[in-house]
Amino acid sequence: MNEMEALIRQYLNEHGKLDCSDAYKIAAKLKCPIREVGDAAKALEIRIDRCELGQFGKIEGGVFDVEALNRLTPLLDDKNRVTCQAARAQASGIGLKKIRGTLKEKNIDVTYCSLGCFTEKKRPRLYVKTKTWIENAEGELLFGKGKTEILELIEQEGSIAKASEKIGMNYKKAWTHIKILQKNINDVMVETKQGGGEDAGTKLTLVAKEYMDNYRKLQADIENYANERFKELFLRPRNKKEFKD
C-alpha cells in the first residue's frame, strides 16, 4: 500500500467515503495536485463525499455574502456557471462557507470538479426557493434576508454609511429600516458613536446578533424541510412505479 492509498483509507468517513475537505488535506500533505487524490480514490472505488461547494453530499452551513458574490460574478460564464477551481480560489479571507452559501442562494452552478467528480451537469437542475420574513400587525417588514444582510455589513464595516454603499442602498433608507425594527422590538440594534453623522462608527448590539442568529436558524430549518419535501414531490425517479393492491 503506497502513501496516497494509506492516507485515503485513513481519512474515510463513517460511510466509507472520502470527504472533499479531507482530499485537499491529503493533497497538501503529499504536496501533489488535487486531481491525483481524486484519481487515486476513483481507482480504489472510493467515492468523494460532502463537496465543499455544496454540489453533492450533505454538508452543514453556508451563508450568502455580498463580498463572495462580488468575487464570483466576474467569473461566471453565459450560463451562470463557475469552475470549481475558480470558486474555491475566491474563498481566501472569507471562507468556503460564504462561497458555498452564495452559490446556493444565487443558483450558480459549478463545473469541472478539481477532484474529477464531474465536468458539466448533463441535465437542468431544479430548485425550490423559500423566503421568510417577520412583520408587524400593520404588515410592515421588520426582519428578513435584507435586514440580516445590512446588519452583517454594518458589523463588518463598522459604519452604516459604508454598509449601505456596499449593498447599494442609501443611508437614509438603511437607517429607517433599523429604526422601524428598533421601535417594534422596543430595543436597540445598533450603537453609534456620539458626534453623529453618516460616517460615525457603528457596532451591533447583542440583541441584533441574537436576532440575526435566530433568523438564520429559522430560515435554515424552513429550507431543510422545503428541500426534503421538494425531493419527495418533484424529484422522484422517473422510472419508479407505484403498485396498487
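These legends describe several close-up views of one predicted model.

**View 1. Confidence along the chain.**
The mean pLDDT of the chain is 87, and 91% of the residues score at least 70. Over residues 238-245 the pLDDT stays under 50. For this stretch the model has 1 contact beyond four places in sequence. Where pLDDT is low, the predicted coordinates should not be read in detail.

**View 2. The largest cavity.**
The whole structure was searched, and 2 cavities of 30 Å³ or more were found. The largest cavity has a volume of about 50 Å³. Its lining includes the cysteines Cys 20, Cys 51, Cys 84 and Cys 113. Tyr 24, Phe 56 and Phe 118 also line this cavity, as do Leu 53, Val 110 and Leu 115. By class, the lining of the largest cavity has 10 nonpolar residues, no polar ones and no charged ones.

**View 3. The second largest cavity.**
The second largest cavity holds about 30 Å³ of space. Phe 64, Asp 65 and Val 66 are part of its lining, together with Glu 149, Glu 152, Leu 153 and Gln 156. Helix H7, residues 145-157, gives the most to this lining, with 4 residues. The lining of the second largest cavity is made of 3 nonpolar, 1 polar and 3 charged residues.

**View 4. The second largest pocket.**
The volume of the second largest pocket is about 430 Å³. It is lined by 18 residues, of which Arg 47, Ile 48, Phe 56, Cys 117 and Phe 118 are the closest to its centre. Helix H3 (34-43) and strand S2 (48-49) are the elements that give two or more residues to the lining of this pocket. The largest share, 5 residues, comes from H3. The lining of the second largest pocket divides into 7 nonpolar, 4 polar and 7 charged residues. Phe 56 and Phe 118 are also among the residues that line the largest cavity.

**View 5. Glu 45, in the loop between H3 and S2****.**
Glu 45 sits in the loop that joins these two elements. Its relative accessible area is 73%, so Glu 45 counts as exposed. Between Glu 45 and Lys 104 there are 59 places in sequence. In space, the C-alpha atoms of Glu 45 and Lys 104 are 29 Å apart.

**View 6. Helix H10 and its buried residues.**
Helix H10 has 29 residues, 206-234. At 1.5 Å a residue the helix should span 42 Å, and its end C-alpha atoms are 41 Å apart, so the two values agree. The buried residues of H10 are Ala 208, Met 212, Tyr 215, Gln 219, Ala 226 and Phe 230. They pack against strand S6 (141-143), helix H7 and strand S8 (202-204). Helix H7 also contributes to the lining of the second largest cavity.

**View 7. Thr 202 in strand S8****.**

**View 8. Two asparagines with positive phi.**
Asn 80 is not a glycine, yet its phi is positive, at about 60 degrees. The residue lies in the loop between helix H4 (66-72) and strand S3 (81-83). Asn 80 is partly exposed because its relative accessible area is 30%, which falls between the limits of 20% for buried and 50% for exposed. Asn 107 also has a positive phi, near 55 degrees. The place of Asn 107 is in the loop between helix H6 (96-105) and strand S4 (109-111). With a relative accessible area of 29%, Asn 107 is partly exposed.

**View 9. Lys 183 in helix H9****.**
Lys 183 belongs to helix H9, which covers residues 171-185. This lysine has a relative accessible area of 71%, so it is exposed. Lys 183 and Leu 142 are 41 residues apart along the chain. Their C-alpha atoms are separated by 9.8 Å.

Technical notes
Residues numbered from 1 in each chain as written. Predicted model: local features only at pLDDT ≥ 70, side-chain atom pairs only at ≥ 80, totals over all residues. Heavy atoms only, no water. 1 Å grid on protein atoms, 1.4 Å probe; cavity = no way out; pocket = protein on both sides within 12 Å on 5 of 7 lines; lining within 4 Å. Points joined across faces, edges and corners; volume = space filled by probe spheres on them. Nonpolar A, V, L, I, M, F, W, Y, C, P; charged D, E, K, R; others polar. pLDDT = per-residue confidence, 0-100. Contact = heavy atoms within 4.5 Å. Expected span 1.5 Å × (residues − 1). Buried < 20%, exposed > 50% of the residue type's maximum accessible area, 1.4 Å probe, protein only.
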